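Student: I am new to this structure. Can you show me how to read its features one at a time?

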Amino acid sequence: MKRIGRRAKILVVVIVYFLVCLCVLLGRYAKNAEKWVVHPANQDVYQNGVPTGKGTVLSKDGTVLLTLDENGTSYAAKDALLRKATLHAVGDLNDNISTGVLKTKKAKLIGYDRINGTYSPFSLGDSVKLTIDAETSKAAYQALGNYNGAVGVYNYLTGEIICMVSKPSYDPMDPPDLDGDSYKGVYINRVVNGVYTPGSVFKLITSAAAIDTIDDIYDQTFTCRGGIEINGEWIACTGNHGEISFEEALAKSCNAAFAEISNQVGKETLLNYVQDAGVNNQFSISGIKTSKGNFGLSKADEVGLAWAGIGQYTDMVNPMQFLIYMGAIANGGTAVTPYYVDSTAKLLNQVKLGSKENRMLSQDTADQLKKLMRNNVESEYGDSRFDGLSICGKTGTAEVDDGRPHAWFVGFSDDPSVPLAFVVVVENGGSGTGTAIPVAQATLKAAAKAVE
Ligand SMILES: [Zn+2]
């Protein structure tokens with residue numbers, strides 16, 4: 001009896017051990033199967049290093065951008081301009097572009113599912129639908145001309161990213177030698193992972209702080225003599241604005257006024273508003289993390305604080321974060337999270353709209369900023385340039401160490417039937433008004449048709 005009892009115990013131990021191992025294996029399978037199946041060493045899926053399958057990638061308007069079949073992967077877009085303009089959303093064959101769906105949705109595109117693997121005769125592969133519009137992407141890419149940069153447009157009510165163009169790019173059907181200087185950082189999607197000196201677009205964040213915390217901000221008059229002296233140091237302005245109000249100071253982007261406003265706001269308050277705007281945060285966009293900006297005042301004196309509120313000093317921002325901030329202003333203070341892979345995200349995002357954790361500004365502050373940004377366009381940039389879209393905007397001309405300034409233009413349409421927010425950064429493009437506004441004009445014209 002004793003011996004049988006001992007055998008039974010051993011058997012129980014063996015069975016338990018077997019079950020534990022099985023659980024570990026199933027756990028690892030559930031967690032990693034997708035990774036294993038899309039690994040380039042899997043010869044059932046790859047042919048000469050190129051993934052095969054049954055899926056397609058489509059743009060918002062239904063243009064086929066990529067197809068996978070038993071022979072490999074092909075970029076189906078017929079014109080090279082569209083292939084270049086959508087490369088950072090579609091991806092490259094070697095998975096160098098981290099935001100490409102060819103990398104992030106590979107398992108789906110090769111026709112893998114957890115139950116049947118890749119062998120099922122019933123598996124038809126799957127299409128991945130992007131929210132990216134083909135015509136808008138082409139318009140943005142073309143408008144950048146010979147410049148590098150980032151152009152993002154999204155529907156601030158639904159979160160759909162209509163345009164996500166990053167330059168430099170290249171034609172994946174005819175790849176050039178990418179080692180040269182002109183292709184530096186070519187795999188980086190600059191909208192999602194670029195980080196730039198913001199220049200005067202940053203004055204919007206400083207303005208939000210000023211609206212809330214300086215009681216008489218609309219009644220004050222600032223004096224610009226081509227700049228202003230702060231603590232014995234000269235803060236240069238791009239104009240000589242004389243006596244100027246807060247509203248005019250934003251429209252004319254007066255550095256002298258904003259140097260004073262930054263110091264009236266103070267370090268701690270400015271830091272809080274920068275934090276609320278999400279400058280130092282990462283956002284998740286269709287599963288991809290955006291790059292953090294940088295804003296710090298620990299070593300700043302009054303001169304540093306002045307330049308920081310103007311958008312220079314050590315300030316760095318990410319275009320997607322700024323796009324989200326524009327969406328928040330347009331939406332009365334709360335932002336809808338953008339996405340570019342069509343899915344249930346649309347519903348989830350709409351539910352999020354108006355929730356407290358997404359609040360970047362109070363309703364009242366957002367409304368006041370909207371009014372100021374509308375005035376910028378009407379009094380300075382020219383409303384007629386935007387085909388009746390009721391654009392609210394702010395330009396930026398960000399001084400950088402290497403070459404001409406980066407040209408910025410950010411904003412949104414206040415017309416609820418065209419709910420578009422946008423960000424344009426033209427690297428070393430010179431002035432925001434001269435170079436970035438025309439890029440926005442061309443892009444918005446196409447984007448407005450896409451949301452009709
Ligand atoms: Zn000035």
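Student: Is cysteine 224 buried or exposed?

Tutor: Start with the kind of model. This one is predicted. To judge burial, look at relative accessibility and a cut-off: buried means under 20%. Cysteine 224 has 1% relative accessibility, so cysteine 224 counts as buried.

Student: What is the relative accessibility of cysteine 254?

Tutor: Cysteine 254 is at 0%, so cysteine 254 is buried too.

Student: Which residues are the protein donors of the zinc ion?

Tutor: For a metal site, list the donor atoms and their distances. Here they are Cys224 (SG), Cys237 (SG), His241 (ND1) and Cys254 (SG). These atoms lie 2.1 to 2.4 Å from the zinc ion. Along the chain, the donor residues follow the spacing C-x12-C-x3-H-x12-C.

Student: What is the geometry of the zinc site?

Tutor: Ideal angles for four tetrahedral donors are 109.5 degrees. At this site, the angles among the four donor atoms run from 101 to 116 degrees. The site is tetrahedral.

Student: At what angle do helix α13 and helix α15 pack?

Tutor: Read the angle together with the axis separation. Helix α13 (residues 319–330) and helix α15 (residues 363–381) pack at about 105 degrees. Their axes are 8 Å apart. That angle makes α13 roughly perpendicular to α15.

Student: Which residues of α13 and α15 meet?

Tutor: From α13 come Tyr325, Met326, Ala328, Ile329 and Ala330. From α15 come Ala366, Leu369, Lys370 and Met373. Sorted by class, this contact has eight nonpolar residues, no polar ones and one charged one.

Student: How many residues of helix α8 are buried?

Tutor: Count along the helix. Nine of the eleven residues in α8 (residues 203–213) are buried, which leaves the helix mostly covered. Among them are Lys203, Leu204, Ile205 and Thr206.

Student: What is the peptide bond from lysine 167 to proline 168, cis or trans?

Tutor: Most peptide bonds are trans. The bond from lysine 167 to proline 168 is cis, with omega near 10 degrees. Proline 168 belongs to the loop between β8 (161–167) and α7 (190–193).

Student: What is phi of tyrosine 313, positive or negative?

Tutor: Most residues other than glycine have a negative phi. Tyrosine 313 has a positive phi, near 50 degrees. Tyrosine 313 lies in the loop between α12 (302–310) and α13. With a relative accessible area of 34%, tyrosine 313 is partly exposed. Aspartate 387 also has a positive phi, near 50 degrees. Aspartate 387 is in the loop between α15 and β15 (391–398).

Student: Where does valine 424 lie?

Tutor: Valine 424 is in strand β17 (residues 420–426). At 1% relative accessibility, valine 424 counts as buried. Beyond neighbours within four places in sequence, its contacts include Ala150, Val151, Trp408 and Phe409. Glycine 403 is 21 residues from valine 424 in sequence, and 18 Å away in space, C-alpha to C-alpha.

Student: How many helices and strands are in the protein?

Tutor: Step back to the whole chain. There are 16 helices and 17 strands. Of the 452 residues, 54% count as buried. The C-alpha atoms fill a box of roughly 100 × 65 × 45 Å along the principal axes.

Definitions and conventions: Residues numbered from 1 in each chain as written. Predicted model: local features only at pLDDT ≥ 70, side-chain atom pairs only at ≥ 80, totals over all residues. Heavy atoms only, no water. Donors = N, O, S within 2.8 Å, 3.2 Å for Na, K, Ca; no water. Tetrahedral: all angles 85-135°; square planar, octahedral: opposite > 155°, others 65-115°. Buried < 20%, exposed > 50% of the residue type's maximum accessible area, 1.4 Å probe, protein only. Helix = DSSP H or I, 4+ residues; strand = E, 2+ residues; numbered from the N terminus. Contact = heavy atoms within 4.5 Å. Axes fitted to C-alpha atoms, helices over the stretch in contact; angles between N-to-C directions. Parallel < 35°, antiparallel > 145°, perpendicular 65-115°, else oblique. Nonpolar A, V, L, I, M, F, W, Y, C, P; charged D, E, K, R; others polar.
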